[in-house]
Amino acid sequence: MKKLITFTLLIISLTSFSQEIKFREYTTQKQENANITIDGQFNEPAWQLANWDGDFIQYSPYEGKPPYQQTEFAIIYDKNNIYLAIKALDNNPDSIVTRMTRRDYAEGDILSINLDSYNDKRTAFGFNVSAAGVKTDVTHSDNVTEDNTWDPIWFVKTAFTEEGWNAEIAIPLTQLRFDESENQTWGMQITRYIFRNDEISIWQPMKRDQAAYIANFGKLKGISGIKPKNVLDIIPYAVARLETFEKNPENPFRSEGFKTGFNAGLDAKVGLTNYLTMDLTINPDFGQVEADPSVINLSTYETYYQEKRPFFIEGKNILNYKLDIGDGEWIRDMLFYSRRIGRRPNYEPVLNQDEYNEAPEFTRILGAAKISGKTKNGWSIGLLESVISEENAEIRSINESRTQVVEPMTNYLIGRIQKDFNDGNSYIGGIATAVNRDINDPLLDFLHKSAFSGGVDWMHRWNNQKWRMIGGLYFSRVNGSTNAISLTQKAYIRNFQRPDADYLEYDSTRTSLSGYGGKFDISKIGGKLKFGASLTWKSPGLEINDVGFAQQVDRITESTWINYQIYNPFFIFRTVTLNASEFVLWDFGGNKNMLGVVANGSVQFKNYWNASASFQYNGEQLFSTTMRGGPALKNPAYNTLQMSLLTNPQKKLTFQIFGEGNISLEKDYSKSVSTSLNIGFRPIDALRFDITPGMYLSNNELQYVTQKNYNSDMRYIFARIRQNTLNMSFRIDCSITPDFSIQYWGQPFIATGKYSDYKFIIDSKAKKTYDRFQFYNQQQIGFNNQWNVFTIDDNIDGITDYYINKPDFNVKTFLSNMVLRWEYLPGSTLYLVWSQSRNAYVNNGSFDFTRDIKSLYHQPADNIFLVKLSYRFGR
């Protein structure tokens, strides 16, 4: 028996050794007189002399198996470009999928090359092309993070042959970063995706359960005698604009029903060194950017909007510093949130009865500059500075006109550095942000005069990068008038004035406020079984929202998680992922705010359908923000169930269904359900239609309404709310060529809220839920139809003690955006844009789909038409 065990262990060890992945090498050749024409044909003599390689291996679904179709490639170079020829062999060329899409959204069969030209095993530049010729370019950082906002200038053509399809690529050296060594070695991976099989094959074999990506690239050798070339692109632009709206003779700003405008500016990309690049924009215009979707937010948490402006999304990862651990939709708190720059003005003028005003929708960016890159010594550098102009609202009446400052001139500065060491397995970094405002109007003294934040972070991987430790410490400080700092202390995310928070101290004389936070995580991130634990903390005084984003502070969070993945197909599944986690939240007073347990999983079936499900138990919560400065309020435990299903994306007609339900464990206390359905249809390769209806229904016993002083006490008034929200997004994508596309997006949105069962809090932490509040009875509450307010006779003495404005709402909006984009030369673009909005609001909480839709489309429309033309001067 002992011999059998010894023999078995020996076989296992030998098998494990035999399965160790060997790193491949490819040696390229320099051909100065290659005279390559990028046409996808490979008929130049240089390609016949090139070193052709292949022997790709399957990455998914069957790791390590021979691929369904083989791939061959060759690489040559000269003093200006890297040239790549790829033959995607296919014995069924009629089955190659050639879906035409816009840049960075490639679909169908795809080829890609990723180059670690720094050879630091952490960063790489990716160049992908679909069989239809659509480009997708990405940068990889931190070994795994992918950013497709990078848009370099490079050239590619695809062609079809009897053997399959070809891609011929030229990458100018100005678009890559590398050192000045005579002989160079770069990391390299070449990948092929066959859409009809959902199969990925790769040149350098890799294991799907490994934690690192770039660190396991093969090697590109034979590069010598090339010099880094600094990019220089100057892109001036001009915009002509026409706005139309309903005439209003009484409003001097809308009396004619239209207005016109012209604008011009400049974008530039300048190589400062062979490692550092500066992106520059002067008086930018983002009129072609799609509008934010409509939302109704009745919580104390700020709504997060994604960045869509090209200058700020390109290379955004270099300035990223998250306050929490992990990725995903809910990991949003960060020291730099670019939507703060160019935001809506902070102040809204108070108007007299006969006055009208016109204020800018967004603050104007006078200019911004961003420096980014990585040195040969492993230093990653990011620096961004932006200046926002002082903005004024123009106010007019019959007899006079005046102006009012609504936003002061503001300077934003963000700096980020990271240093790699330990062969790319570790780094240490830092970040600093500064906001300075030139406040000269006393009406703006609620804003911070200055705001600073900074932090350090570090990461270490070991055991072939299967284990990882992450940590970070950060701080903030804001300065301003006593009014500004008082408002900061009273802000809903901290509520220093709460009567039950003996660990907090509100000081109305303060002119500054400081805070701190940190994060620590240790995880096993390699192998089929992964797990980890983390701890994060944000002090009550932390204030980063001048240029960062934080929805909640005064919080300590502990969490642990475990994940198991099955990569190879079995039974009816292609892949299976299972997760479980738990978390506990505390405040800095030691009060447990919430605990939760989550279990979820996702699968891909062999018919290419995808499904996921999640269950979450949230224990009793203690929310410090719900009563807007009042004591913390207990809420009963609730359960959440989510499910989604996606049909085969290879089909012309696809469906994606999502549903979520929340129900309180306290009977009749609260429940909600939200659903959405995406229907996608692609009648031809160049055209796709999407329609996505969504619905949200909720019934909640405790929705905050207002607070009133009564007999030297504060009444925190709540009500039951029934919410109905319906929205429907329409999207049309027509890509005539990879450089010429027309896109349309439209969204009707209806949201209603009906309040009832008014009540006030009497004991916010009572053990029993219904002992925490008291309903107003019929003798206490009445309604004044003339004033549209509720009257409250609290002590039932026949005298109204206070009023409550009727909070019911019915909000209707329609937003749409149509963009024609033509990149008529590399980096030179023509945009034709039409945007439309319609808005309506009534103080009525009833929901009637037919009535509300008719009412919405009878509202007058505001239209914007613009033409934007840019031209690139560059090398």
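Is asparagine 297 buried, exposed or partly exposed? I started my notebook with that one.

**Ground rules**

I'm looking at a predicted model, where local features need pLDDT of at least 70 and side-chain atom pairs count only at pLDDT 80 or more, while totals for chains, interfaces and linings use all residues. Residues are numbered from 1 along each chain as its sequence is written, and side-chain values use heavy atoms, with hydrogens and water left out.

**Entry 1: asparagine 297**

I looked up the accessibility, and asparagine 297 is partly exposed, because its relative accessible area is 36%. The cut-offs I used: buried is under 20% relative accessible area, exposed is over 50%, and partly exposed is in between, with a 1.4 Å probe and protein chains only. I found asparagine 297 in the loop between strand E17 (276–282) and helix H3 (310–313). Helices (H or I, at least four residues) and strands (E, at least two) are DSSP runs, numbered from the N terminus. Leaving aside neighbours within four places in sequence, asparagine 297 is in contact with Glu302 and Thr303; contact means heavy atoms within 4.5 Å. I also checked phenylalanine 570, which is 273 residues away in sequence and 44 Å away in space, C-alpha to C-alpha.

Next I picked glutamine 418, which sits in strand E23 (residues 409–421). Why does glutamine 418 count as buried? Because its relative accessibility is 14%. Skipping neighbours within four places in sequence, I listed its contacts: Arg122, Gly378, Trp379, Ser380, Tyr427, Ile428, Gly429 and Asp457.

Then I went to aspartate 852 in helix H5 (residues 849–857). Aspartate 852 has a relative accessible area of 1%, so I wrote it down as buried. Beyond four places in sequence, aspartate 852 touches Ile750, Thr752, Asn810, Lys812, Ser846 and Phe847.

**Entry 2: an open sheet**

I traced an open sheet of 3 strands in the order E18-E21-E22, with antiparallel pairing. Why is one side of E18 and of E22 left without a neighbour in the sheet? Strand E18 (356–358) and strand E22 (401–407) stand at the edges and each has a single partner strand, so there is no neighbour on one side. From one strand to the next, the twist averages 30 degrees. For such angles, axes are lines fitted to C-alpha atoms (for helices over the stretch in contact), and angles run from 0 to 180 degrees between N-to-C directions.

E18 pairs with strand E21 (residues 391–396) in the antiparallel sense over 3 bridges; two strands pair if DSSP finds at least two bridges between them. I also noted that glutamate 358 stands opposite glutamate 394 in E21. A reminder to myself: in a regular strand the side chains alternate between the two faces of the sheet.

Strand E35 (residues 638–646) and strand E36 (residues 653–664) pair in the antiparallel sense over 9 bridges. A hairpin through 6 residues joins E35 to E36. I looked up leucine 646, and its bridge partner in E36 is glutamine 656.

E36 also pairs with strand E37 (residues 670–684), antiparallel, over 11 bridges. Here the bridge partner of threonine 654 is glycine 680 in E37. The hairpin of E36 and E37 has 5 residues between the strands, and in it aspartate 668 takes a positive phi near 60 degrees.

Which residues of H4 are buried? I got Ala484, Ile485, Ser486, Thr488 and Gln489. Their cover includes strand E26 (467–479) and strand E27 (512–524).H4 (residues 482–490) also gives the largest share of the lining of the second largest pocket, 3 residues. That pocket holds about 740 Å³ of space. Of its 22 lining residues, the closest to its centre are Arg343, Asn346, Ala491, Glu543 and Asn545. A pocket is an open set of points on a 1 Å grid over the protein atoms alone, with protein on both sides within 12 Å along at least five of seven lines; a cavity is a set where a 1.4 Å probe fits but cannot get out, and lining residues have an atom within 4 Å of a point. Grid points are joined across faces, edges and corners, and a volume is the space filled by probe spheres set on the points.

**Entry 3: cavities**

How many cavities of 30 Å³ or more does the structure hold? I noted 4. The second largest cavity has a volume of about 70 Å³, and its lining includes Tyr301, Asp587 and Phe623.
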